Amino acid sequence: MPRILAIDYGQKRTGIAITDEMQIIASGLTTIPSETAIAFLKDYFSKEKVEKVLIGEPKQMNGEPSQSTEIIEKFVTKFKNVFPEMEIDRVDERFTSKMAFQTMIDSGLKKQQRKNKALIDEISATIMLQDFLNRK
């Protein structure tokens, strides 16, 4: 069965998570510089079968688009041009960073380790993906 991949795209970094082949468990894959996201995905898709990509949709508490919406929409447009056959689902990413930080605390990471923003982005993508799987 093909995998599902989740992208937490940001201005500087992009967190990526992937399901297992049975689409039951989401795991963090990596965090990459955002400018390398398309090249990374080309390489990844050439090696692994992925049927769907989830891309976070940032919203404010009132449901309005956030400040980073424009940056992410540009990425989505580029993604669609490069991977026209790939199915995309947009998912609400509100609270994922806070949940990721809490997950780091709950797992016993020390304060210095919790400052690792790349890890927060990867965990955020994983939370988005696992939430999608739980609702499926």
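Visitor: How many residues does H2 have, and what does H2 reach from its first C-alpha to its last?
Guide: In this predicted model, H2 has 14 residues and reaches 20 Å from its first C-alpha to its last, close to the 20 Å expected at 1.5 Å a residue, where the expected span is 1.5 Å times one less than the number of residues. Helices here are DSSP runs of H or I with at least four residues, strands are runs of E with at least two, and both are numbered from the N terminus.

Visitor: Which residues in H2 are buried?
Guide: Thr 69, Ile 72, Phe 75, Val 76 and Phe 79 are buried, and buried means under 20% relative accessible area, with exposed over 50% and partly exposed in between (1.4 Å probe, protein chains only). They cover an arc of only 125° around the axis, so they sit on the same side of H2; the arc is that of the directions from the helix axis to the C-beta atoms.

Visitor: And which exposed residues are on the face turned away?
Guide: That face of H2 carries Glu 70, Lys 74 and Asn 81.

Visitor: What do the buried residues of H2 pack against?
Guide: They pack against S1, H1, S4 and strand S5 (87-92).

Visitor: Which residues have the most contacts inside the largest nonpolar core?
Guide: In that core of 20 residues they are Leu 5, Ile 7, Leu 41, Phe 45, Val 53, Phe 75 and Phe 79, where a nonpolar core is a set of buried Ala, Val, Leu, Ile, Met, Phe, Trp, Tyr and Cys residues joined through side-chain atoms within 4.5 Å. The elements giving two or more residues to this core are strand S1 (3-9), S2, helix H1 (37-47), strand S4 (50-57) and helix H2 (69-82), and H1 gives the most, with 5 residues.

Visitor: What is Leu 41 in contact with?
Guide: Leaving aside neighbours within four places in sequence, Leu 41 is in contact with Leu 5, Ile 7, Ile 16, Phe 75, Phe 79 and Phe 83, contact meaning heavy atoms within 4.5 Å.

Visitor: New topic: where is Gln 23?
Guide: Gln 23 lies in the loop between S2 and S3, and this residue has a positive phi of about 60° although it is not a glycine. At 7% relative accessibility, Gln 23 counts as buried.

Visitor: In which sense do S2 and S3 pair?
Guide: Strand S2 (residues 13-19) and strand S3 (residues 26-33) pair in the antiparallel sense over 7 bridges, and pairing requires that DSSP finds at least two bridges between two strands.

Visitor: What should I keep in mind about the numbers?
Guide: Residues are numbered from 1 along each chain as its sequence is written, and side-chain values use heavy atoms, with hydrogens and water left out. Since the model is predicted, local features need pLDDT of at least 70 and side-chain atom pairs count only at pLDDT 80 or more, while totals for chains, interfaces and linings use all residues.
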